Amino acid sequence: QVQLVESGGGLVQAGGSLRLSCAASGRTFNRYSMGWFRQAPGKEREFVAAITANSASTSYADFMKGRSTISRDNAKNTVYLQMSSLEAEDTGVYFCAANSINAYYISRIPRDYNYWGQGTQVTVSS
């Protein structure tokens, strides 16, 4: 099994930028499609972005299009989420997730991902 550890969260002012990282502890990271989700207090977990195992395809939630870039470095077993023009509504816990079943299928549904990190807090002040 794979373990995922997120980092890079913190406090940022509205309009600022932040880069999140997700490090995978495992031998088959390059076989997994990866996704980012977020959850605000009292809200359901929602899709943010995803990327296939070979970086051939990416997908973004409507609220993130034009404001974020998902990328990965398979040599470092790491996936990134670069965010800019952050707003107060972006505040929440951001989770990294892995789909070990399909390396090339991008899903926006949490149940399609079978490995999850503990999350990293992102707080945007206004």
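## Basis of the description

A residue is called buried under 20% relative accessible area, exposed over 50% and partly exposed in between, with a 1.4 Å probe and protein chains only. The structure is a predicted model, in which local features need pLDDT of at least 70 and side-chain atom pairs count only at pLDDT 80 or more, whereas totals for chains, interfaces and linings use all residues. Residues are numbered from 1 along each chain as its sequence is written, and side-chain values use heavy atoms, with hydrogens and water left out.

Helices (H or I, at least four residues) and strands (E, at least two) are DSSP runs numbered from the N terminus.

## Salt-bridge network

A salt bridge requires a side-chain nitrogen of Lys or Arg within 4 Å of a carboxyl oxygen of Asp or Glu. Glu46 is bridged to Arg38, with 2.7 Å between the closest N and O atoms. Glu46 is partly exposed at 32% relative accessibility, whereas Arg38 is buried with a relative accessible area of 6%.

Arg38 also forms a salt bridge with Asp90, where the closest N and O atoms are 2.8 Å apart. Arg38 belongs to strand E4 (residues 33–39) and Asp90 to the loop between strand E8 (78–83) and strand E9 (92–99), so this pair ties together parts that are 52 residues apart in sequence. Asp90 is buried, at 2% relative accessibility. Arg67 meets Asp90 in a further salt bridge, at 2.8 Å from N to O. This pair again links distant parts of the chain, 23 residues apart, since Arg67 is placed in the loop between strand E6 (58–60) and E7. Arg67 is buried as well, at 12% relative accessibility. Through shared partners, Arg38, Glu46, Arg67 and Asp90 are joined into one network.

Two strands are taken to pair if DSSP finds at least two bridges between them. E7 and E8 pair in the antiparallel sense over six bridges, and Asp73 of the pair stands opposite Thr78 in E8. Four residues lie between the strands of this hairpin, where Asn77 takes a positive phi near 55 degrees.

Ser68, located in E7, is buried at 9% relative accessibility. Contact denotes heavy atoms within 4.5 Å. With neighbours within four places in sequence left aside, Ser68 is in contact with Tyr60, Leu81, Gln82 and Met83.

## Arg72, buried without a salt bridge

Arg72 lies in strand E7, which spans residues 68–73. For charge, Lys and Arg count as positive and Asp and Glu as negative, while His and the chain ends are not counted. Arg72 is buried yet has no salt bridge, and the nearest side chain of opposite charge, Asp73, is 8.4 Å away.

A polar contact is a pair of N or O atoms within 3.5 Å; within protein, one must be able to donate a hydrogen and the other to accept it, and residues adjacent in sequence count only if both atoms are side-chain atoms. The side chain of Arg72 makes such a contact with the side chain of Asn74 at 2.8 Å. A polar atom of the Arg72 side chain also lies 2.8 Å from the backbone oxygen of Tyr32. Beyond four places in sequence, the contacts of Arg72 include Phe29, Met34, Ile51, Thr78 and Tyr80.

A nonpolar core is a set of buried Ala, Val, Leu, Ile, Met, Phe, Trp, Tyr and Cys residues joined through side-chain atoms within 4.5 Å. The largest has 27 residues, and those with the most contacts inside it are Leu4, Met34, Trp36, Val79, Leu81 and Tyr94. At least two residues of this core come from each of strand E3 (18–25), E4, strand E5 (46–51), E8, E9 and strand E11 (120–125). E3 supplies the largest share, four residues. A second, separate core of seven residues includes Phe37, Phe47, Ala61 and Ala97.

Cys96 is placed in strand E9 and is buried, with a relative accessible area of 0%. The C-alpha atoms of Cys96 and Trp36 are separated by 4.8 Å, although the two residues are 60 residues apart along the chain. Among the residues beyond four places in sequence that Cys96 contacts are Leu4, Cys22, Met34, Val79 and Trp116.
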